[in-house]
Amino acid sequence: MTTAATPRTSGHGPLSGVRVVELAGIGPGPFAAMLLADLGADVVRVDRPGGPGLAIDPAHDITNRNKRSVVVDLKAPDGPARVLDLAERADILIEGYRPGVAERLGVGPGDCHARNPRLVYGRMTGWGQDGPLADRAGHDVAYIALTGTLGMIGRPDEPPAVPANLLGDYAGGSLYLVVGVLAALHHARASGTGQVVDAAIVDGTAHLSAMIHGMLAAGGWQDRRGANLLDGGCPYYGTYETADGGYMAVGALEARFYEEFLHRLGLDDLAPARKDWTRWGELRERVAARFKSRSRDEWTALFEGSDACVAPVLSLGEAPHHPHLAARGTFSHHGGITQPAPAPRFSATPTTVRTGPALPGAGTETVARDWGIPDLVNDDLVPDGD
């Protein structure tokens with residue numbers, strides 16, 4: 001177990017001094033561990049020999065930035081013991097196996113808590129640790145489908161639009177895991193007792209729709225796609241194509257913003273249509289026709305400096321160059337990769353991208369030294385040059 005005498009690596013951010021063990025996986029688990037690392041935690045990723053990873057060069061896997069990696073073969077006779085040595089010195093452990101796998105490997109909550117009762121054991125899955133689907137394979141699109149959230153997205157006359165894997169994996173999964181393990185860490189430090197955090201993507205994604213469920217119960221939301229104020233059903237909250245094939249996003253919900261929006265478009269006569277649902281079809285058609293008359297850049301310039309709540313729809317490559325995002329440093333450039341900077345921001349404990357993606361096993365010797373585990377070094381698994 002970590003003691004005051006145990007040397008810590010220096011860090012930056014509010015979680016400096018917090019130690020995290022991440023049992024390698026793909027998707028929401030690594031992203032959650034990246035967020036903890038961005039906030040200053042000392043995150044050690046335990047990779048398996050030839051284990052999972054994105055189908056890209058590991059040097060470009062941004063979700064492994066600000067971490068260190070060791071390679072441990074959990075199926076080797078001494079593999080579980082190496083992970084338990086790390087767990088004994090950690091504050092948080094994160095794993096994303098199917099239910100029961102960590103237990104079969106000898107690194108489940110019971111094994112870890114026997115060595116470190118204060119450990120927060122975070123479990124990241126799609127379906128959760130129990131329930132009829134707990135043992136089934138799945139991916140983001142299936143998880144959000146069952147929660148009702150996927151069915152909310154897209155045009156009413158088209159199939160639901162898939163929001164990449166942002167809604168399920170990262171919003172409903174990673175962020176809830178991080179909230180959970182940090183809340184449990186607060187409890188562990190106050191009580192001396194760790195616990196298991198069951199972060200299921202279905203639970204988190206359902207939780208994200210809390211406001212919508214309230215509106216549905218109150219009769220303020222129709223349970224069908226493209227028929228509501230915030231789902232594209234409203235003609236002054238959505239997207240419109242421009243003359244050059246670009247798009248503008250409109251969010252002119254409040255009356256004064258709506259009036260400014262119409263004025264900039266030269267459609268002041270449509271002011272009474274804001275609350276008249278019978279005129280929404282006419283409103284949409286005329287707004288769409290106006291946007292099709294000029295390019296995206298022309299409309300961007302026209303709405304510049306206004307409170308009409310209109311913005312150009314930018315690509316991933318364009319976003320870092322937007323003047324506002326550039327001024328704030330929303331994106332950073334590190335190791336030849338343009339990437340989102342750590343978020344949120346802190347006045348007293350600022351965060352930064354300290355290191356690039358951790359290559360498998362490249363941090364073994366420094367972790368062994370800093371965490372006081374000399375047996376962690378296995379010459380057969382340590383890459384040359386460590």
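Cys 309 counts as partly exposed in this predicted model, because its relative accessible area is 34%, a value that falls between the limits of 20% for buried and 50% for exposed. To find Cys 309 in the chain, look in the loop that joins helix 11 (296–303) to strand 9 (310–312).

Although Ala 164 is not a glycine, its phi is positive, at about 50°, and its place is in the loop between helix 5 and helix 6. With a relative accessibility of 48%, Ala 164 also counts as partly exposed.

Another backbone feature belongs to a peptide bond, the one that runs from Ala 343 to Pro 344, which is cis and has an omega near -5°. Pro 344 itself lies in the loop that connects strand 11 with helix 13 (364–370).

Strand 11 leads us on to the pockets. Together with helix 1 (28–38) and helix 6 (166–191), strand 11 (337–340) is one of the elements that each give at least two residues to the lining of the largest pocket. This pocket has a volume of about 930 Å³, and among its 29 lining residues those nearest the centre are Phe 31, Met 34, Leu 166, Phe 331 and Pro 340. Sorted by class, the lining of the largest pocket comprises 19 nonpolar, six polar and four charged residues.

The second largest pocket holds about 800 Å³ of space. It is lined by 41 residues, and Ile 26, Pro 28, Gly 96, Met 124 and Gly 138 are the closest to its centre. Several elements each contribute at least two residues to this lining, including strand 1 (19–23), strand 4 (92–95), helix 3 (101–105) and helix 5 (140–146), while the largest share, three residues, comes from helix 1. By class, the lining of the second largest pocket divides into 20 nonpolar, 11 polar and 10 charged residues.

Ile 26 sits in the loop between strand 1 and helix 1, and because its relative accessibility is 49%, Ile 26 counts as partly exposed.

Definitions and conventions: Residues are numbered from 1 along each chain as its sequence is written. This is a predicted model: local features need pLDDT of at least 70, side-chain atom pairs count only at pLDDT 80 or more; totals for chains, interfaces and linings use all residues. Side-chain values use heavy atoms; hydrogens and water are left out. On a 1 Å grid over the protein atoms alone, a cavity is a set of points where a 1.4 Å probe fits but cannot get out, and a pocket is an open set with protein on both sides within 12 Å along at least five of seven lines; lining residues have an atom within 4 Å of a point. Grid points are joined across faces, edges and corners, and a volume is the space filled by probe spheres set on the points. Helices (H or I, at least four residues) and strands (E, at least two) are DSSP runs, numbered from the N terminus. Ala, Val, Leu, Ile, Met, Phe, Trp, Tyr, Cys and Pro count as nonpolar, Asp, Glu, Lys and Arg as charged, and the others, Gly among them, as polar. Buried means under 20% relative accessible area, exposed over 50%, partly exposed in between (1.4 Å probe, protein chains only).
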